[in-house]
Amino acid sequence: MAHGLLKFFRSVLLGLAVSTAAVQAGESIVVASTTSTEQSGLFNFILPIFEKDSGIAVRVVALGTGQALDVGRRGDADVVLVHDRPAEDKFVADGYGVDRRDVMYNDFVVIGPAADPAGVKRARDASDAFARIGSQGATWISRGDRSGTHAAELRFWKAAGVDPRGQGWYKEAGAGMGPTLNMAAGLGAYTLSDRGTWASFRNRQDLGILFAGDPQLYNPYGVILVNPARHPHVKRAAALRFMDWLTSADGRRAIAAYKIGNEQLFYPLAR
């Protein structure tokens, strides 16, 4: 009798364990993110590590930061991972997101043709680089898509005292970083890129990094839980597990380990 009961309880416990594993294995979350995390290859590197560790599948909706935040506002994602701190803070202040965390950083770089008609290589700082491009009327390709990179670019023009809107040399791609770089390559134009996407970009023609290293070009990324109080269908537990991993020692190691050639493209930030 006792032996039979023991076997029965063991079978029940085994069944519960299998059932729990099956639920976990079938669980998934949606992450709305900036294009740079995908186009740089970072997500292709780190997400399989998380998925193997957690059993949680991650579906990425890669858009510009502004559009990714719109996806979060509508409740069509569980998590957003973006890189425009003023917009992130507003997203949280307006009640669309909670528990914002620092994740990582890299930097923006000014890309341009080898001939460098605006003399960007001689710029003292980022403001001077943008002022030179504006004063020379050198062709510039803007993403023009409300992305984090586009928002940063507009701040740099303002700091340089240049209003590029309506100027014949200022062209808007209305697209992600990869297509914008392709357009710049085709026209021999200047543009602003995050370093990660530039490192993975192959159609460079005679484009290169002409200016980098100014602290103004610092490019931090943050992760935010879409507010479950506003959107009850958000998978809070699974989303928090992803955020916990991303900002954990394991997640930071994975981020730091991603390189193209021998170049580290993202630097984790302490939680």
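The model is predicted: local features need pLDDT of at least 70, side-chain atom pairs count only at pLDDT 80 or more, and totals for chains, interfaces and linings use all residues. Residues are numbered from 1 along each chain as its sequence is written, and side-chain values use heavy atoms, with hydrogens and water left out.

Select the whole chain first. Its C-alpha trace spans about 90 × 40 × 30 Å along the principal axes. Colour by secondary structure to find 11 helices and 12 strands (DSSP runs, H or I of at least four residues for helices and E of at least two for strands, numbered from the N terminus).

Switch to a surface. The accessible area is about 12,300 Å², with 54% of it on carbon and sulfur atoms (Shrake-Rupley method, 1.4 Å probe). Of the 271 residues, 50% are buried (under 20% relative accessible area, 1.4 Å probe, protein chains only).

Next, select residues 42–54, helix 3, and residues 236–246, helix 10. They pack at about 120 degrees with axes 11 Å apart (axes are lines fitted to C-alpha atoms over the stretch in contact; angles run from 0 to 180 degrees between N-to-C directions).

Now show side chains. From helix 3, Ile46, Leu47, Ile49, Phe50, Asp53 and Ser54 meet Arg241, Phe242, Trp245 and Leu246 of helix 10 (contact: heavy atoms within 4.5 Å).
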